[in-house]
Amino acid sequence: MATLDSRPGPLAALNGKYHRAALLSFAVVVVAHWAEHLVQAFQIYALGWKTPDARGVLGIPFPKLISSEWLHYGYAIVMLVFLFALRKGFAGRSRQWWNLALGLQFWHHIEHLLLLIQAQSGWRLGGGTAPSSSIQLFIPRVELHLFYNTIVTIPMIIAMIVHRKAPAAERELTGCTCSPESRRELATAAS
């Protein structure tokens, strides 16, 4: 059976010999975004700021960032694309966790698409004055998006932990070199 890494193309390499670097880079971006939502919640609940003033870290010097539906939708798409693109580097239980993160992010993306459509068209879901996602009709936006980012990040992190400890059979299926055993095997073969 051919591993992913033996097939040509950048996606195969991304899920093979570059999988670890790609996952770490992606994780940094995801955790930084999640931290922005945590800071925004801290600004509201610990510092007592009004919601429009609580813009996270980047939103303070760049207030247009927080109000740009294009930016939020763009991030949702980037997340979806990378969750899909890095999926083939996982097998077994780690793939199940990664698929859960992918499915949750797909829904999160739909919610952002709904917000973007409203921002561009002037139409408002539920007749409100501002764009609203479907679940946002029941849960405020700050809390909802902190929740969405949390429920996507947690299975993603679990997938990465399980993936690093994958048995040899799973590592063979993917050709990935993320696990310490794979890196030791490569180092031994190179010497």
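A: A crossing of two helices is called left-handed if the near helix is turned anticlockwise from the far one by less than a right angle, and right-handed if clockwise. The part examined here is helix α6, residues 141-164, where helices are DSSP runs (H or I, at least four residues; strands are E, at least two), numbered from the N terminus.

The model is predicted, with local features requiring pLDDT of at least 70 and side-chain atom pairs pLDDT 80 or more, while totals for chains, interfaces and linings use all residues. Residues are numbered from 1 along each chain as its sequence is written, and side-chain values use heavy atoms, without hydrogens or water.

Of the 191 residues, 40% count as buried (under 20% relative accessible area; exposed is over 50%, partly exposed in between; 1.4 Å probe, protein chains only). Among contacts (heavy atoms within 4.5 Å) with a separation of 6 or more, 61% join residues 24 or more positions apart.

Helix α5 (residues 92-121) comes within 7 Å of α6, axis to axis, and the two cross at roughly 160°. The pair α5 and α6 is therefore roughly antiparallel (over 145 degrees; under 35 is roughly parallel, 65 to 115 roughly perpendicular, the rest oblique). The crossing of α5 with α6 is left-handed. Their contact has 17 nonpolar, seven polar and three charged residues (Ala, Val, Leu, Ile, Met, Phe, Trp, Tyr, Cys and Pro are nonpolar; Asp, Glu, Lys and Arg charged; the others, Gly among them, polar).

Helix α2 (residues 19-45) is the next partner; its axis comes within 10 Å of that of α6, at a crossing angle of roughly 150°. The helices α2 and α6 are therefore roughly antiparallel as well, and they cross in a left-handed sense. The residues of this contact comprise 13 nonpolar, nine polar and three charged. With 10% relative accessibility, His37 counts as buried. Beyond its neighbours within four places in sequence, His37 is in contact with His145, Leu146 and Asn149. His37 also lies 14 Å from His108, C-alpha to C-alpha, although 71 residues separate the two in sequence.

Helix α4 (residues 69-85) is the remaining partner treated here, with an axis that comes within 13 Å of that of α6 and crosses it at roughly 15°. That angle makes α4 roughly parallel to α6, and this crossing too is left-handed. On the α4 side the contact is made by Glu69, His72, Tyr75, Met79 and Leu83, and on the α6 side by Arg141, Asn149, Val152 and Met156. By class, these residues divide into five nonpolar, two polar and two charged.

An unreviewed UniProt entry annotates residues 70-86 as "transmembrane region"; UniProt positions are given in the numbering used here, feature names are shortened, and annotations may be inferred rather than shown by experiment. In the model, that span is 94% helix and 0% strand, and its end C-alpha atoms lie 24 Å apart.

Note on methods
Axes are lines fitted to C-alpha atoms, for helices over the stretch in contact, and angles run from 0 to 180 degrees between N-to-C directions.
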